[in-house]
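Please consult the sequence and the structure shown below while reading.

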Amino acid sequence: MISFARGVPAPECLAVEELADCARAALERDGRTILSYGPGGGYGPLREVLAEQHDVEPSRVVITSGSLQGFVFLAQQLVQKGTRVLVEAPTYDRPLKILSRLGAEIVTAPMDEDGLIPDELPDGDFAFLYTIPTFQNPSGRTMSVERRLRLAEIARERRLLVLEDDPYGLVRYDGDPLPSVFELADGEQIAYCSSFSKTVSPGVRVGWFVLPAQLAAEIEALAVSTYISPPYLSQATVHEFLRRESFGPNLERVNGLLSERRDAMLDALTREMPEDATWTKPAGGYFVWLELPSGPPSSQLLAEAEDAGVTFVKGSDFFPGGRGGESALRLAFSFVSPDEISDGVGRIGGLVRAAAPAAL
Ligand SMILES: Cc1ncc(COP(=O)(O)O)c(C=O)c1O
């Protein structure tokens, strides 16, 4: 099976030997701390590095077991049955599931090619707005700087808490990095989270949140009551990776490997898709969002594609209640090789053309 479903780095992205060295070095230097219980907010030295990067006090940084765990804590703290939460449409499917499980009323905010449209945010009170401004999962779209500034302004005016989820910001293949909404807003009304999953390794399970002081303390308390202490060995391993300045060169290597895959995906789509198909052309991240207006519904296409040995995630999975994205596909190019990408997109293209020969 050629998988365009997995938002996972290709195995060759993972710096196995070097991380093994880092784990050993971290234990040798600080083993007695790392191997014990400690603060719920994370390994102190890593917290300090992250706090410095974001120009906040370390107590406002909470390191969680992957950023998704932090999302669960934040949602548990802010959401009860019937609490209204704003999300982009489409958005990352796992937060949708977490919010539904907690009984949230999920309200969608429209997007276009430039990301979320701040001036079209629905009125009303919301516990928070969840947004992925850079190389969004699932669409690959990036919010323009103008809109980031406008979102920061609206968040302040409406006293709306915005959670900016930014795991892909550094996974950039071309163009210049954009300032985060958090930076543009000077942190006001903006909570920020990111992760080492896409820049170092998902298996280390190290993500982090930068939160208003009160919320940081509450999330830290939730972490303590859930797992007492986070896995310091992972966090200290990542800290050592940063300390010996391996992060930058590794990121450059990873981005090189992934940009070849992004290029293979865009080339294959140009070659294989019918004229009326459209797709995003992300400058980074893991995903392309493909719309097939005259193709079969993506749920049907998925069943046919799996029979033909290819898989992807159907667009409707990224809308609350599955309402939307019926003719869209999320294609992750991060995991498979460039040759498999070409082959897999060719197989999907064959199915699309067979279903809608008139659109050719
Ligand atoms: C937008 C987004 N947020 C969060 C995550 C989860 O990251 P982590 O591995 O840090 O839990 C992902 C993973 O795919 C993601 O795409």
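The model is a predicted one.

- Helix H2 spans residues 44-54, and its buried residues are Leu46, Arg47, Leu50, Ala51 and His54.
- When the helix is viewed down its axis, the buried residues of H2 fall within an arc of 135°, and therefore they line one face of the helix.
- On the other side of H2, Glu48 and Glu52 are exposed.
- Which elements cover the buried residues of H2? The cover includes the strands S2 (61-64), S9 (190-195) and S10 (207-210), together with the helices H6 (181-184), H7 (213-227) and H8 (232-243).
- Asp55 follows H2, and the phi angle of Asp55 is positive, near 60°.

**An open sheet of four strands**

- In general, strands of a sheet pair through backbone hydrogen bonds, in either a parallel or an antiparallel manner.
- Here, four strands form an open sheet with antiparallel pairing, and their order is S11-S12-S15-S14.
- Strand S11 (278-279) and strand S14 (313-314) stand at the edges with a single partner strand each, so one side of each has no neighbour in the sheet.
- Two bridges join S14 to strand S15 (residues 328-332), and this pairing is antiparallel.
- Val313 has Arg330 in S15 as its bridge partner.
- Helix H9 (residues 247-272) packs on the sheet, where H9 touches S11, strand S12 (287-291) and S15. The direction of H9 makes about 15° with that of S12.

**Ser298 in helix H10**

- Ser298 belongs to helix H10, which covers residues 298-307.
- Is Ser298 buried or exposed? Ser298 counts as buried because its relative accessibility is 1%, and buried means under 20%.
- Neighbours within four places in sequence being left aside, Ser298 is in contact with Phe312, Lys314, Gly315, Gly325, Glu326, Ser327, Ala328 and Leu329.

**Met111 in strand S5**

- Met111 is located in strand S5, which consists of residues 111-112.
- With a relative accessibility of 13%, Met111 counts as buried.
- Beyond its neighbours within four places in sequence, Met111 has contacts that include Glu88, Ala89, Pro90, Leu116 and Ile117. Gln136, Ser139 and Arg141 are also in contact with Met111.
- Met111 and Phe4 are 107 residues apart along the chain, and their C-alpha atoms are separated by 23 Å.

Key: Residues are numbered from 1 along each chain as its sequence is written. This is a predicted model: local features need pLDDT of at least 70, side-chain atom pairs count only at pLDDT 80 or more; totals for chains, interfaces and linings use all residues. Side-chain values use heavy atoms; hydrogens and water are left out. Buried means under 20% relative accessible area, exposed over 50%, partly exposed in between (1.4 Å probe, protein chains only). Contact means heavy atoms within 4.5 Å. Two strands pair if DSSP finds at least two bridges between them. Axes are lines fitted to C-alpha atoms, for helices over the stretch in contact, and angles run from 0 to 180 degrees between N-to-C directions. The arc is that of the directions from the helix axis to the C-beta atoms.
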